[in-house]
Amino acid sequence: MSLLGRVQSARSQGPIAQEDRARSLGIKVGVKDALYQQISAERIASMVGSNPAAARKELAAAIDRIMADPEIGGVPESERQRLKVDLLNDILGLGPLEPLLQDPAVTEIMVNGASSIFCERAGMLYQWPAEFDDDEHVLRVIDRIVSPLGRRVDERSPMVNARLPEGHRVNAVIPPVALNGPTLTIRKFRAKIFDLHELTEMDSLDEHMALLFGWAVKARCNIAVTGGTGSGKTTLLNALSIAIPEGERILTIEDSAELRFQRHPHVVSLEARPANIEGEGEISIRDLVVNALRMRPDRIVVGECRGGEALDMLQAMNTGHDGSLTTLHANTPHEAISRLVTMVRYSADLPVDAIREMIAGAVEMFIHQDRMADGSRRITRVVQTSGIRDGQVVLEDLIVWVSEGVDERGRAFGHYETKGTPRVLEKVVSQGVASAEEVQRWVSAGS
């Protein structure tokens, strides 16, 4: 079929309300077919592999030549340029998601079927006006993501987790499980890694807390960061990890590698691996935690405890691996204790009382972070463990966020109240992390 025939065939599809979209899609399909007739898919792949910028330039020139064909005349220049960008994004990237992937302000991308794309900016959700051509288009994009990783997604295996080369975390669910069509969620890997001082400038915490956290990390305090989905736990964990002294060996263990240490000279990063297409070769977080104990770590940083690895993490904290850091999904620090107990019981038939004693002896501080109604992330509670009472782990409040309302810009505001004195300050002084005078000034400033 000629280029004009392919265009006219696609234009004739769909109801009248979709005529403009069908027309653009018809032109796009026709130009794409003509392009692949001129330049083979193998050659395009080779060009992209050797020099992506040159490949984009050459493909753009070829598309311009094809679209100058009088068979598809009458297309306004603005639409031609838009279609060219769409084609280049389809061929070289992830289609209509490319602008969102390139936008540093976007933190999450959500595809709910071909015609529904949302993104998150500054903690708030916005609908993206672009659409995929159809469900098959979404499936091709998903396949482009997972195929290089040796994974698949089909009716037998309709859910998959993956990672883009830039580190962005990907989850895909397809029909028949996803009733609205292929669903794709991309958690973007932040290009900028924030330290504790920078988080204070973003109002996630104050300087008083930042100083305490920096001391606690240097004094080898075992810390768990808690919070709900999207509350900023990994961002805070990375900020805490940056405070680890350069003379120590760090082992990071993650389901999908997100932690980065731009300045630290001695970091070993381990990433879990799911089973392959044959259902073999899985390496779990727990496998990595067990193995990490044999790698002479000074610090073990686990991106998130979510299963049997909780037992190994607690045992490591209780047997000399001080200064370990991790995150836990929980709505409160008390809920985090319950989740830890449940996770340990999944992997070992231990009495609940014994598990709680293990937790009380292992984790010294819980830092809880929340996502506020305005989309901002803020530390709302800092607690320390204070032993066992009546069979329960006692949590003592150290610092609590007190909300005072919402300002004219819709941002939550309030203040922090100091409720207790951290026991880690004794280690801070005894280990020479800070002087007794500095610690006393910190205590006085919070009173």
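Predicted model: local features only at pLDDT ≥ 70, side-chain atom pairs only at ≥ 80, totals over all residues.
Residues are numbered from 1 along each chain as its sequence is written. Local features need pLDDT of at least 70, side-chain atom pairs count only at pLDDT 80 or more, totals for chains, interfaces and linings use all residues, and side-chain values use heavy atoms, with hydrogens and water left out.

Select helix α14, residues 352–362. Helices (H or I, at least four residues) and strands (E, at least two) are DSSP runs, numbered from the N terminus. Ile-355, Arg-356, Met-358, Ile-359, Ala-360 and Ala-362 are buried here; buried means under 20% relative accessible area, exposed over 50%, partly exposed in between (1.4 Å probe, protein chains only). Now show α12 (309–318), α13 (333–347), β13 (377–389) and β14 (392–406), which are among the elements covering those buried residues.

Next, select Glu-364 and Lys-427, whose side chains meet in a salt bridge at 3.3 Å, N to O. Glu-364 lies in the loop between α14 and β12 (365–371) and Lys-427 in helix α15 (residues 424–430), so this pair ties together parts 63 residues apart in sequence. A salt bridge is a side-chain nitrogen of Lys or Arg within 4 Å of a carboxyl oxygen of Asp or Glu. Glu-364 is partly exposed at 24%, and Lys-427 is partly exposed at 22%.

Move to Asp-255 and Arg-306, a salt bridge of 4.0 Å, N to O. Asp-255 sits in the loop between β8 (250–254) and β9 (267–271), and Arg-306 in the loop between β10 (299–302) and α12, 51 residues apart.

Finally, select Glu-120, Arg-371 and Arg-377, which a network of salt bridges links. The structure holds 19 salt bridges.

How values were computed. Contact = heavy atoms within 4.5 Å.
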